[in-house]
Amino acid sequence: RSSKEANNCLEVVHLSILHALFSVTTDGWTANNTTSYIAYKLQIVGPSYTIKSHVLDVAELSLWHTKNNQQARLLSTLQKWEILPCCTETGDLFESG
C-alpha cells in the first residue's frame with residue numbers, strides 16, 4: 001500500500017470514529033501447519049445505526065498466547081492506527097502471563 005493510500009485510510013477511520021460508537025474485536029485461528037494468526041477488526045456504529053467494519057491488522061502469533069502478549073499486540077495495532085483506547089478488556093479467555 002502506498003503512503004498516500006495509507007494516509008487516506010487512516011483519515012477515513014478517524015473521521016468514522018470521531019462521532020460514533022466503536023469497538024475493536026479479535027479473531028484468532030491456527031493454520032494447518034500449526035502457525036497461529038490473529039486479526040484485529042474495528043466495528044463502527046454510525047448515527048443511523050449502520051455498522052461499518054475495517055480490518056486493522058492480521059498478524060502471526062509467534063509469541064505465547066498469554067494475556068500480556070495479546071494485550072501488547074492489540075495496543076501496538078491501535079497505536080499504529082492512532083486510536084487511543086479508553087479501556088482494554090481481554091476477558092478471562094487468556095492465561096495470565
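Biologist: Why does Arg73 count as partly exposed?

Modeller: Before I answer, please keep in mind that this is a predicted model. Arg73 has 32% relative accessibility. Buried means under 20% and exposed means over 50%, with partly exposed in between, so Arg73 counts as partly exposed at 32%.

Biologist: And what makes Asp57 buried?

Modeller: The relative accessible area of Asp57 is 13%. The cut-off for buried is under 20%, and therefore Asp57 is called buried at 13%.

Biologist: How do you know that the side chains of Arg73 and Asp57 meet in a salt bridge?

Modeller: The N to O distance between their side chains is 2.6 Å. A side-chain nitrogen of Lys or Arg has to be within 4 Å of a carboxyl oxygen of Asp or Glu, so the pair of Arg73 and Asp57, at 2.6 Å, is a salt bridge. This pair links distant parts of the chain, with Arg73 in helix H2 and Asp57 in strand S3 (residues 51-60), 16 residues apart.

Biologist: Why is the contact of Lys80 with Asp57 called a salt bridge?

Modeller: Their closest N and O atoms are 3.8 Å apart. The limit is within 4 Å, so Lys80 and Asp57 form a salt bridge as well. Here too distant parts of the chain are linked: Lys80 is in helix H2 and Asp57 in strand S3, 23 residues apart.

Biologist: What makes Asp57, Arg73 and Lys80 one network?

Modeller: Their salt bridges share partners, and that joins Asp57, Arg73 and Lys80. By this rule, the count of salt bridges comes to two.

Biologist: Let's turn to Thr77. Why is Thr77 called buried?

Modeller: Thr77 has a relative accessible area of 2%. Since buried means under 20%, Thr77 is buried at 2%. Thr77 is found in helix H2 and touches Tyr40, Leu56 and Asp57, leaving aside residues up to four places away in sequence.

Biologist: Which residues make up the largest nonpolar core?

Modeller: That core has 10 residues, namely Ile38, Tyr40, Leu42, Ile44, Leu56, Leu61, Leu74, Leu78, Trp81 and Ile83. Strand S2 (36-45) and helix H2 (67-80) each supply at least two residues of this core, and S2 gives the most, with four residues. In soluble globular proteins, nonpolar side chains tend to be buried together. As for Leu56, not counting residues up to four places away in sequence, its contacts include Val24, Tyr40, Leu42, Leu78, Trp81 and Ile83.

Biologist: How many helices and strands does the chain have, and how do they run?

Modeller: The chain has two helices and three strands, which run α-β-β-β-α from the N terminus on. Of its 97 residues, 26% count as buried.

Terms used. Residues are numbered from 1 along each chain as its sequence is written. This is a predicted model: local features need pLDDT of at least 70, side-chain atom pairs count only at pLDDT 80 or more; totals for chains, interfaces and linings use all residues. Side-chain values use heavy atoms; hydrogens and water are left out. A nonpolar core is a set of buried Ala, Val, Leu, Ile, Met, Phe, Trp, Tyr and Cys residues joined through side-chain atoms within 4.5 Å. Buried means under 20% relative accessible area, exposed over 50%, partly exposed in between (1.4 Å probe, protein chains only). Contact means heavy atoms within 4.5 Å.
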